[in-house]
Amino acid sequence: MRVIGLMSGTSYDAIDAAAADLTLDGEDLVLHPLGALRLPMPDSVRTTLAAALPPASTTLQQVCELDTGLGHAFTAAAQRANAELCAGNAELVASHGQTVFHWVEDDRVRGTLQLGQPAWIAEGTGLPVVADFRPRDVAAGGQGAPLVSIVDVLLLRGRPGTAVALNLGGIANLTVVSADQDPIAYDTGPANALIDAAAREYTGQDYDVDGALAARGTVLPALLDRLLAEPYYRRPAPKTTGKELFHATYLDQLRADLGDLAPADVLATLTELTARTVADAIRANAATEVIASGGGTRNPVLMNRLAARLPGVTLSTSDSIGLPSAAKEAYAFAVLGFLTAHQLPGTIASCTGARHTTVLGTITPGAKPLAWPTPATPPSRLRIAPGTSQD
């Protein structure tokens, strides 16, 4: 089955589209990468989204406009992916949507909201669409995240020692896979969220390009201590977080009485925060190997600081196992869509904290009647086969 996976993360600067040809071969789910595209988020949508996200207030009119605007943006991404990567022969679209609120209260996820109306994608492509992946896991008592954990487990199962899949998006999350225990997964805290917020403030750019500003700065102990005092870091897993907590106003409050701080020093401190909290989580799980993905892997300062805090641990990117690090999550949602189409669970209960595994998502029919494959046996491994993968 040729599936297009669509992903927009907490940085909401672009939509990643990845196409994969997926087949079941005994206990293996075989993924042939067909390539990936990265499309900038339309300026009008991004501006409206930035104005509506916490801690800002919003209106139902804005929510409706965002749902429609994001739906159009995801449609354009799916159309291009189908034409350029699948020669017009895609069979399914799996859309993560854009998370606008993840409702956590009393250490429990009570709801989650992703916008990007799938009806627009189905109408614009003629293809069936699987969307709204997270709410079913939340309804089953889970965190609704990290949903890529099932893909990580299928990829890493059987590797020696304790392997960790690390995603450095706006928020950092990891999946721990070992022969000695059930897999676990959780958000460690911010990866790029606070770094990007500071970069926008000081430079007008969306991120600290190549970590250049952080490289010129010195870590500020007073600010770092305040950042590390955040209670989230000491909560037990499974746990999830987002920009509901780690946003520009949060940073402003912590540095309000520290006087004039040099921009480079602030960026160095925030980069150190990410490196330290991620490394602490990795060491706590006795990892022997870390395979990283996400935008943070393109920040050499962050990666170098992370490596320095993980002596004796092998650190590589998902490119080394056949999935481009920049598009790994989009490929992961293609896998999740495939599992849903085959009526297979898309979660691992020990990773999300749910009472049981669930088949994820809601289905919007395309131009033709739905004709789903016969339910299959859940795969135990994900095998990446040679393809035409591209960033």
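**Helix packing and local features of the predicted model**

The buried residues of helix α6 are covered by elements that include β8 (171-178), β9 (181-190), α8 (221-228), α9 (248-255) and α10. Contact here means heavy atoms within 4.5 Å. Helices (H or I, at least four residues) and strands (E, at least two) are DSSP runs, numbered from the N terminus. The model is predicted, so local features need pLDDT of at least 70 and side-chain atom pairs count only at pLDDT 80 or more, while totals for chains, interfaces and linings use all residues. Residues are numbered from 1 along each chain as its sequence is written, and side-chain values use heavy atoms, with hydrogens and water left out.

Helix α6 spans residues 193-203, and its buried residues are Ala 193, Leu 194, Ile 195, Asp 196, Ala 197, Ala 198 and Ala 199. A residue is buried under 20% relative accessible area, exposed over 50% and partly exposed in between (1.4 Å probe, protein chains only). After α6 comes Gly 204, with a positive phi near 80 degrees. The loop between α6 and α7 (212-216) holds Asp 210, a residue other than glycine whose phi is also positive, near 55 degrees.

Two packed helices are described by the angle between their axes and the distance between the axes. Axes are lines fitted to C-alpha atoms, for helices over the stretch in contact, and angles run from 0 to 180 degrees between N-to-C directions. The axes of α6 and α9 are 9 Å apart, and the two helices pack at an angle of about 80 degrees. This makes α6 roughly perpendicular to α9. Angles under 35 degrees count as roughly parallel, over 145 as roughly antiparallel, 65 to 115 as roughly perpendicular and the rest as oblique. On the α6 side the contact is made by Leu 194, Ala 197, Ala 198, Glu 201 and Tyr 202, and on the α9 side by Ala 248, Tyr 250, Leu 251, Asp 252 and Arg 255. Seven residues of this contact between α6 and α9 are nonpolar, none is polar and three are charged. In this division Ala, Val, Leu, Ile, Met, Phe, Trp, Tyr, Cys and Pro count as nonpolar, Asp, Glu, Lys and Arg as charged, and the others, Gly among them, as polar.

Ile 150, Val 151 and Asp 152 of α5 meet Lys 328, Ala 332, Val 335, Leu 336 and Leu 339 of α12. The contact of α5 with α12 has six nonpolar, no polar and two charged residues. The loop between α12 and α13 (349-352) contains Gln 343. Gln 343 is not a glycine, yet has a positive phi of about 60 degrees; at 46% relative accessibility, Gln 343 counts as partly exposed.

Phe 74 lies in helix α2 (residues 60-85) and counts as buried, at 0% relative accessibility. Beyond its neighbours within four places in sequence, Phe 74 is in contact with Leu 6, Ser 8, Ile 15, Ser 95, Gly 97, Gln 98, Leu 115, Gly 116 and Ile 121. Thr 277 is in helix α10 (residues 263-284) and is buried at 8% relative accessibility. Its side chain reaches the backbone oxygen of Thr 274 at 3.3 Å. With neighbours within four places in sequence left aside, Thr 277 is in contact with Thr 188, Leu 228 and Tyr 233. Ser 178, in strand β8, is buried at 14% relative accessibility. The side chain of Ser 178 reaches the backbone nitrogen of Asp 180 at 3.1 Å.

Cis peptide bonds were also found. The bond from Pro 54 to Pro 55 is cis, with omega near 10 degrees, and Pro 55 is in the loop between α1 (43-52) and α2. Ala 237 and Pro 238 are joined by a cis peptide bond with omega of about 0 degrees; Pro 238 is in the loop between α8 and α9.

The protein chain as a whole has 13 helices and 13 strands. Buried residues make up 56% of its 391 residues. Of the contacts between residues at least 6 apart in sequence, 74% join residues at least 24 apart.

Technical notes. A polar contact is a pair of N or O atoms within 3.5 Å; within protein, one must be able to donate a hydrogen and the other to accept it, and residues adjacent in sequence count only if both atoms are side-chain atoms.
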